[in-house]
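Welcome! Try each task yourself before reading on.

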Amino acid sequence: MADTWDRSADLVVIGFGGAGAAAALAGAELGASVLILEKQPEGRHTPSTSMSGGIVMATNDVERATTYLDRCAGGMIPIEVSRAWAAKGTDLVQWLDKVGADLALERIGGAEHPEFEGSEAIESWAQSRPSERVPHGTTVREHKPGAPTNVSTGGVRHARRIGLEYFAGLRGAVAMRSEIGVRYETPAQHLIADDGGRVIGVEATQAGRTVRIRALRGVVLTTGGYEFSDEMKINYLKASPMYFYGNPGNTGDGIRMAQEVGADLWHMNQMVGRAIGHFDLDGQELNFVIGIHPPGYVITDRYGRRFANEYPQAEMKHSFYYELLRYDAEKNEYPRNPCYWFFDQRHMTNGPLVSSLGGTVGAGYYDWSPDNSREVARGWIKQAASFGALAAEAGFADPAEVVHTIEAYNQGCAAGQDAFGRPESSLIPLDSPPYYCMPLYPGGPNTCGGPRRDEHARILTPFGQPIPGLYGAGELGEAVGMLYPANGGNLSESVCFGRLAAEHALGRVLPLLRRFAGNRRNLQGNTAARRGVDRGFPGPAGRVPPGFAGGLLPAGSAGRGRRDGGGVPRQG
Ligand SMILES: Cc1cc2nc3c(=O)[nH]c(=O)nc-3n(C[C@H](O)[C@H](O)[C@H](O)COP(=O)(O)OP(=O)(O)OC[C@H]3O[C@@H](n4cnc5c(N)ncnc54)[C@H](O)[C@@H]3O)c2cc1C
């Protein structure tokens with residue numbers, strides 16, 4: 001292999017979302033130079049972290065939280081891995097403060113399965129500050145729960161800050177660290193391993209040119225899941241089609257790169273799921289978080305029949321997704337994919353049907369109309385004066401079946417008893433015309449599968465051996481198995497395993513050995529940056545991000561021994 005490199009850093013992080021930011025910040029805290037490679041352009045950078053609800057899970061007792069996470073994992077995650085997550089979760093909120101993310105988090109809830117042992121050790125946190133993106137007096141739909149929030153100048157309730165502000169906090173913390181450089185529009189393509197199988201670098205493309213970046217201590221893969229790879233979805237997920245409302249840039253790249261150097265994969269069939277809105281606009285796939293309550297709602301299969309208690313879906317929980325997976329072998333079809341959501345004018349007047357601060361709308365991929373009128377006009381939402389006419393309009397083969405289903409539901413509301421066990425408080429009849437219907441598909445925020453990893457975030461071979469120098473964090477093979485543990489589980493995983501990866505790759509003694517040398521190096525690097533010096537590959541505008549040159553080796557000099565911090569044992 002040619003020993004030439006365009007760039008070099010102690011830690012190379014592939015993908016700038018929550019996991020990438022956490023790995024980079026943890027690396028910088030340990031005194032390392034870090035280079036983040038991001039595929040998307042800076043002006044159109046929409047990691048799922050920034051599209052999210054911004055809720056993050058913490059833990060308050062390692063052993064109790066381990067018990068709980070292990071139960072949720074359903075045998076798919078070794079208990080040591082769950083324990084590592086539980087342990088890192090105990091100071092997660094403090095750590096985000098310490099690195100300067102400035103999120104002002106407050107506790108808002110707990111475990112999704114309070115009936116499981118250890119659930120009291122799980123906490124959900126969200127930003128306490130109101131979002132400045134909501135004009136006073138407008139109605140928005142919060143990501144969680146699905147109910148709309150009236151935002152008034154009286155200030156009774158405001159929409160919270162969510163993922164956009166959460167990621168802005170992390171990005172701000174990254175920008176403050178002179179040890180970290182970020183390269184946008186630089187998609188990683190392949191990992192580079194030495195003859196012994198150790199991952200020592202990354203091959204990426206920038207401005208149409210292939211660049212090789214040396215990783216002195218390790219590479220952390222944080223490229224997200226495979227939500228936008230049709231080929232991977234049909235092969236790995238439990239039903240098809242499936243749609244996701246996160247970053248279109250998450251196409252499974254990191255999974256393929258890890259496979260190429262011998263990684264095993266785990267729980268590729270798992271995802272964080274629910275029923276979601278999916279539409280096609282001039283060939284562009286658009287997917288939405290939808291809020292189905294309040295007031296009344298009914299979800300049927302393709303034949304107009306109810307099939308499950310819709311309340312978990314209304315509560316934005318994740319169990320309803322499992323109901324959507326049924327496959328009818330005789331008919332060779334998924335009768336609940338899509339399924340159909342019926343509601344009435346009362347829901348329509350509540351404001352936008354989709355999350356309007358986060359997801360596809362918040363990231364600017366689509367501008368959903370405040371009163372849903374544009375989407376009705378597009379034919380995405382069918383409207384009619386009666387349920388019979390609505391079912392015919394929506395294409396049901398037997399509209400009478402839909403009419404029968406809604407009548408039965410309304411009778412249940414009058415009796416205070418639901419055939420599928422919905423709580424009485426949710427039994428609000430559909431009796432305010434006009435009526436509406438929207439198709440929903442199994443999907444959600446993210447896939448969970450990817451390269452198998454251990455409690456140090458090391459990526460493993462099919463024989464359980466760590467691939468030296470290679471780590472993973474976040475959605476890319478996250479430590480979530482059968483059940484999603486709590487709101488905020490994904491963001492928590494990305495922070496905790498990002499930190500674990502950096503800490504293991506760099507070793508705990510690094511900061512002590514590096515402090516003096518690192519300070520000197522950063523001073524030199526900053527001077528170089530101010531002069532606009534950028535040895536190696538230039539960015540799109542030839543610009544050096546603040547501190548980018550700091551701590552990076554000149555082109556071609558890597559791989560010839562350690563730069564500093566000699567005596568630090570390599571870990572892999
Ligand atoms: C609408 C919505 C709401 C959500 N709400 C919550 C919530 O409230 N709480 C929660 O815990 N989770 C939530 N999630 C899920 C959560 O946001 C994600 O699981 C989490 O942010 C994943 O972080 P990540 O760093 O692994 O991936 P991302 O944040 O998606 O970052 C991955 C990055 O890698 C880049 N990339 C991909 N391929 C390459 C390549 N080849 N080279 C370089 N870069 C590459 C991508 O462009 C992207 O920037 C939500 C998701 C969505 C979409």
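**Exercise 1. A helix and its surroundings**

How many residues does helix α6 have, and how far does α6 reach from its first C-alpha to its last?

*Solution.* Keep in mind that this is a predicted model.

Step 1: Helix α6 covers residues 163-175, so its count is 13 residues, given that helices are taken as DSSP runs.

Step 2: From the first C-alpha to the last, α6 reaches 18 Å, close to the 18 Å expected at 1.5 Å a residue.

Step 3: Look at which residues of α6 are buried: Gly163, Leu164, Glu165, Tyr166, Phe167, Gly169, Leu170, Ala173 and Val174.

Step 4: Find what covers these buried residues. The cover includes α1 (18-29), α2 (48-51), β5 (122-127), β8 (180-183) and α12 (359-362).

**Exercise 2. From strand β3 to helix α3**

Describe strand β3 and helix α3, together with the loop between them.

*Solution.* Step 1: Start with β3 (56-59). In a regular strand, side chains alternate between the two faces of the sheet. On one side of β3 are Val56 and Ala58, on the other Met57 and Thr59, and all of them are buried, which means both faces are covered.

Step 1: Look for a partner of β3. Strand β5 pairs with β3 in the antiparallel sense, over four bridges.

Step 2: Asp61 lies between β3 and α3 (62-73). Asp61 counts as partly exposed because it has 16 C-beta neighbours inside 10 Å, and a residue needs 20 or more to be buried. The C-alpha atom of Asp61 is separated by 6.9 Å from that of Thr90, which is 29 residues apart from Asp61 along the chain.

Step 3: Check the span of α3. Its twelve residues should span 16 Å at 1.5 Å a residue, and the end C-alpha atoms are 16 Å apart, so the two values agree.

Step 4: See how α3 packs. Its buried residues are Ala65, Thr66, Tyr68, Leu69, Asp70, Arg71, Cys72 and Ala73, and they pack against β3, α4 (79-89) and β5. Just after α3 comes Gly74, with a positive phi of about 60°.

**Exercise 3. The shell around the ligand**

Work out which parts of the chain surround the ligand, and which classes of residue they supply.

*Solution.* Step 1: The ligand is surrounded by 44 residues, the closest being Gly15, Gly17, Gly53, Gly249 and Gly474.

Step 1: Sort the shell by class: 14 residues are nonpolar, 26 are polar and four are charged.

Step 2: At least two come from each of α1, α2, β19 (435-447) and α16 (489-506). The largest share, four residues, is that of α16.

Step 3: Turn to the domains. Domain 1 (7-49 + 164-264 + 448-530) and domain 2 (274-444) each give at least three residues to the shell.

**Exercise 4. A hairpin**

Trace the hairpin formed by β14 and β15.

*Solution.* Step 1: Strand β14 (residues 271-281) and strand β15 (residues 284-288) pair in the antiparallel sense over five bridges.

Step 1: Pick out a bridge. Asp280 has Glu285 in β15 as its bridge partner.

Step 2: Look at the turn. Two residues lie between the strands, and Asp282 in the turn has a positive phi of about 50°.

**Exercise 5. Backbone exceptions**

Most residues other than glycine have a negative phi, and most peptide bonds are trans.

*Solution.* Step 1: His293 is joined by a cis peptide bond to Pro294, with omega about -5°. Pro294 is found in the loop between β15 and β16 (298-300).

Step 1: Another cis peptide bond joins Pro433 and Pro434, with omega about 0°. Pro434 has its place in the loop between α15 (399-415) and β19.

Step 2: Now consider positive phi values. Asp102 has a phi near 50° and lies in the loop between α5 (92-98) and β4 (105-110). Asn372 has a positive phi of about 65°, and its place is in the loop between α12 and α13 (373-377).

Step 3: Asp102 is partly exposed because 15 other C-beta atoms lie within 10 Å. Asn372 counts as buried because it has 22 C-beta neighbours inside 10 Å.

Key
Residues numbered from 1 in each chain as written. Predicted model: local features only at pLDDT ≥ 70, side-chain atom pairs only at ≥ 80, totals over all residues. Buried ≥ 20, exposed ≤ 12 C-beta atoms within 10 Å, placed from the backbone. Expected span 1.5 Å × (residues − 1). Contact = placed C-beta atoms within 7 Å. Near = placed C-beta within 6 Å. Nonpolar A, V, L, I, M, F, W, Y, C, P; charged D, E, K, R; others polar. Domains from an automatic or database assignment. Pairing = 2+ DSSP bridges.
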